[in-house]
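Dear colleague,

Please find below the structure that I am handing over to you, together with its sequence. My notes on what was found follow directly after it.

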Amino acid sequence: MAHFAEIDGNGLVLRVVALDDDQIRDADGKHNELLGKQFLSKTLGGEWVQTSYNATFRRRFAGKGYKYLENLDAFITPNPFPSWLLNENTIEWEPPVEMPNDGKRYLWNEVIMEWQVREASESDE
């Protein structure tokens, strides 16, 4: 199976669909992303980008609400908090303050812009 993400004009992933591998094989039997993009555009409309279920290319498998950044040729997850910035080297969101590495469990508090120790709950025990 080959998977493709439909993206809007801003790169936002609208949906992900699967195609049979035969849909994207060229005359030499090799996978050809362009064939899949053309097939989907013709049958469903829209703009399509191939995504990898095993994350072997474009960083991760796309999901609805993710974003495709053409300049990085990668899919990114939605930003977890407005203060977090995308590290373009790792393609991961990073907080403005590094999480303490002291063995405790933390949650980010966007209101006060700091990490807070996560209180143990019954489900943690």
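Histidine 3 lies in strand 1 (residues 2–7); helices (H or I, at least four residues) and strands (E, at least two) are DSSP runs, numbered from the N terminus. Please note that this is a predicted model, in which local features need pLDDT of at least 70 and side-chain atom pairs count only at pLDDT 80 or more, while totals for chains, interfaces and linings use all residues. Residues are numbered from 1 along each chain as its sequence is written, and side-chain values use heavy atoms, with hydrogens and water left out.

Histidine 3 counts as buried because its relative accessible area is 16%; buried means under 20% relative accessible area, exposed over 50%, and partly exposed in between, with a 1.4 Å probe and protein chains only. Not counting residues up to four places away in sequence, histidine 3 touches Val16, Val17, Ala18, Val49, Gln50, Thr51, Tyr53 and Phe61, where contact means heavy atoms within 4.5 Å. Histidine 3 and serine 52 are 49 residues apart along the chain, yet 6.6 Å separates their C-alpha atoms.

Two strands pair if DSSP finds at least two bridges between them. Strand 1 and strand 3 run antiparallel and are joined by 5 bridges, and alanine 5 has valine 49 as its bridge partner in strand 3.

At 1.5 Å a residue, the 12 residues of helix 1 should span 16 Å, which agrees with the 16 Å between its end C-alpha atoms; the expected span is 1.5 Å times one less than the number of residues. Asparagine 32 caps the N-terminal end of helix 1, with a side-chain oxygen 2.9 Å from the backbone nitrogen of leucine 34. Glycine 45, whose phi is positive, near 80°, follows the helix.

The loop between strand 3 and strand 4

Where does arginine 58 lie? Arginine 58 is in the loop between strand 3 and strand 4, and it counts as buried at 14% relative accessibility. Its side chain makes a polar contact of 3.1 Å with that of glutamate 33. A polar contact is a pair of N or O atoms within 3.5 Å; within protein, one must be able to donate a hydrogen and the other to accept it, and residues adjacent in sequence count only if both atoms are side-chain atoms. A polar atom of the arginine 58 side chain also lies 2.8 Å from the backbone oxygen of glutamine 50.

Arginine 59 is in the loop between strand 3 and strand 4. Arginine 59 has a positive phi of about 70° although it is not a glycine, and is partly exposed, with a relative accessible area of 41%.

Glycine 63 is found in the loop between strand 3 (47–51) and strand 4 (67–69), and is buried at a relative accessible area of 15%. Leaving aside neighbours within four places in sequence, glycine 63 is in contact with Val13 and Val16.

The aromatic pairs

How many aromatic pairs are there? The count comes to 6; rings of Phe, Tyr and Trp (its six-membered ring) pair if their centres lie within 6.5 Å, and planes under 30 degrees apart count as stacked, over 60 as edge-to-face and the rest as tilted. The pair of tryptophan 84 and tryptophan 115 is tilted, because its ring centres are 6.0 Å apart and its planes are at 55°. This pair links distant parts of the chain, 31 residues apart: tryptophan 84 is in the loop between strand 5 (74–76) and strand 6 (85–87), and tryptophan 115 is in strand 9 (residues 114–117). Tryptophan 84 is buried at 12% relative accessibility, and tryptophan 115 at 14%. Tryptophan 115 also forms an edge-to-face pair with tryptophan 108, at 5.2 Å centre to centre and 70° between the planes. Ring pairs link Phe81, Trp84, Trp108 and Trp115 into a cluster.
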